[in-house]
Amino acid sequence: MSKSRSLAIAEENAAAARAEEKAAFLLRLRSGGIRDLDLLRALEKVPREMFVPHRFVDLARRDLVLPIGCGQTLSEPSLVARMIAALGVGPDHRVLEIGTGSGYATAILAELAAQVRSVERFQTLALAARLRLERLGKQNAEIVFADGLALPASAGPFDRILIHARLDNLPPSLAALLSEEGRIVMARPHARLPRRQILVELRHGKDGEMQETELGTCRLQALLPGVAEVL
């Protein structure tokens, strides 16, 4: 067999393996309860392997938390999918994301929403995420290096707010950025088991208080104030 033919067969086998991995990836998400077809299409379209360090590319389609640098992690795809599904993002929505990380969820949100503004406190991560989104041609997503807990009121309102972190309580300044019919998804400590976390969806209530719906357990890092002075 010629060398060129051997290379062609190897490329065909690699393409078939990637297709099988992608199919298994989507099947796991569907079996985990993700039914939104637009979200599933977005998850299929955005290559997670592009958002992880090269040494973890082989693990990108598995349901694993992966390190991305600066002491931060990329959440497992099942959790990312649960959070975005709970947001109920529509094509006319303006979305705020706090905790850009690698930009993976930002790219998925950009597939679903009209506009995405994503805030990251690590400049290194913000720059890398911005480059990835540019490579994917996502012109409706903006990455901002800033403190997600100190956004000005003039930045809002947003139809949806996704916080990739744990907060003990939702700061009033973030609630004020949410539109009247908007939703926020974030993690908070479990009321009776502080070492555990609950994923919650929040909406404005009629009495002026935020109404909360619990969405099951999760594990996310705490949202820290300020921007990182190093990295």
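Contact here means heavy atoms within 4.5 Å. By that criterion, and leaving aside residues up to four places away in sequence, L109 touches I84, L87, V89, V95, E97, V116 and L162.

The model is predicted, and local features need pLDDT of at least 70, side-chain atom pairs count only at pLDDT 80 or more, and totals for chains, interfaces and linings use all residues. Residues are numbered from 1 along each chain as its sequence is written, and side-chain values use heavy atoms, with hydrogens and water left out.

## Cores and helix α4

A nonpolar core is a set of buried Ala, Val, Leu, Ile, Met, Phe, Trp, Tyr and Cys residues joined through side-chain atoms within 4.5 Å, where buried means under 20% relative accessible area, exposed means over 50%, and partly exposed lies in between (1.4 Å probe, protein chains only). The largest such core holds 50 residues, of which L43, I84, V89, Y104, I108 and L109 touch the most other members. The elements that give two or more residues to this core are α1 (3-31), α2, β1 (66-69), α3 (77-87), α4, α5 (123-135), β5 and β7; helices (H or I, at least four residues) and strands (E, at least two) are DSSP runs, numbered from the N terminus. Another core, of 22 residues, lies apart from the largest one and has F158, A175, M186 and I198 among its members.

Helix α4 is mostly covered, with 8 of its 9 residues buried. The buried residues of α4 are Y104, A105, T106, A107, I108, L109, A110 and L112.

In strand β3, L96 counts as buried because its relative accessibility is 0%. Beyond residues up to four places away in sequence, L96 touches R117, V119, L151, F158, R160, I161, L162 and L177.

## Salt bridges

A salt bridge is a side-chain nitrogen of Lys or Arg within 4 Å of a carboxyl oxygen of Asp or Glu, and a search of the whole structure finds 8 of them.

| Pair | N to O distance |
|---|---|
| E111 and K45 | 3.5 Å |
| R117 and E142 | 3.1 Å |
| E214 and R188 | 3.0 Å |

The salt bridge between E111 and K45 links distant parts of the chain, with E111 in helix α4 (residues 104-112) and K45 in helix α2 (residues 37-45), 66 residues apart. Of this pair, E111 is partly exposed at a relative accessible area of 25%, whereas K45 is exposed at 57%.

The side chains of R117 and E142 also meet in a salt bridge, and this pair joins strand β4 (residues 115-120), which holds R117, to strand β5 (residues 141-145), which holds E142, across 25 residues. R117 counts as partly exposed at 26% relative accessibility, and E142 is partly exposed with a relative accessible area of 35%.

For the salt bridge of E214 and R188, the partners are 26 residues apart, E214 in strand β9 (residues 210-218) and R188 in strand β7 (residues 178-189). Here E214 is exposed, with a relative accessible area of 52%, while R188 is buried, with 13%. Salt bridges that share partners also join K45, E111 and K138 into one network.

## Pockets

A pocket, on a 1 Å grid over the protein atoms alone, is an open set of points where a 1.4 Å probe fits, with protein on both sides within 12 Å along at least five of seven lines, and its lining residues have an atom within 4 Å of a point. Grid points are joined across faces, edges and corners, and a volume is the space filled by probe spheres set on the points.

The largest pocket has about 530 Å³ of space. Of the 32 residues that line the largest pocket, the closest to its centre are Q72, T73, G99, H164 and Q221. The elements that give two or more residues to this lining are β2 (72-74), β3 (94-98), α4, β4 and β6 (158-166), and the largest share, 3 residues, comes from β2. By class, the lining of the largest pocket divides into 16 nonpolar, 11 polar and 5 charged residues, where Ala, Val, Leu, Ile, Met, Phe, Trp, Tyr, Cys and Pro count as nonpolar, Asp, Glu, Lys and Arg as charged, and the others, Gly among them, as polar.

The second largest pocket holds about 200 Å³ of space and is lined by R18, A19, E21, K22, E49, V57, D58, L59, A60 and R61. Its lining has 4 nonpolar, no polar and 6 charged residues.
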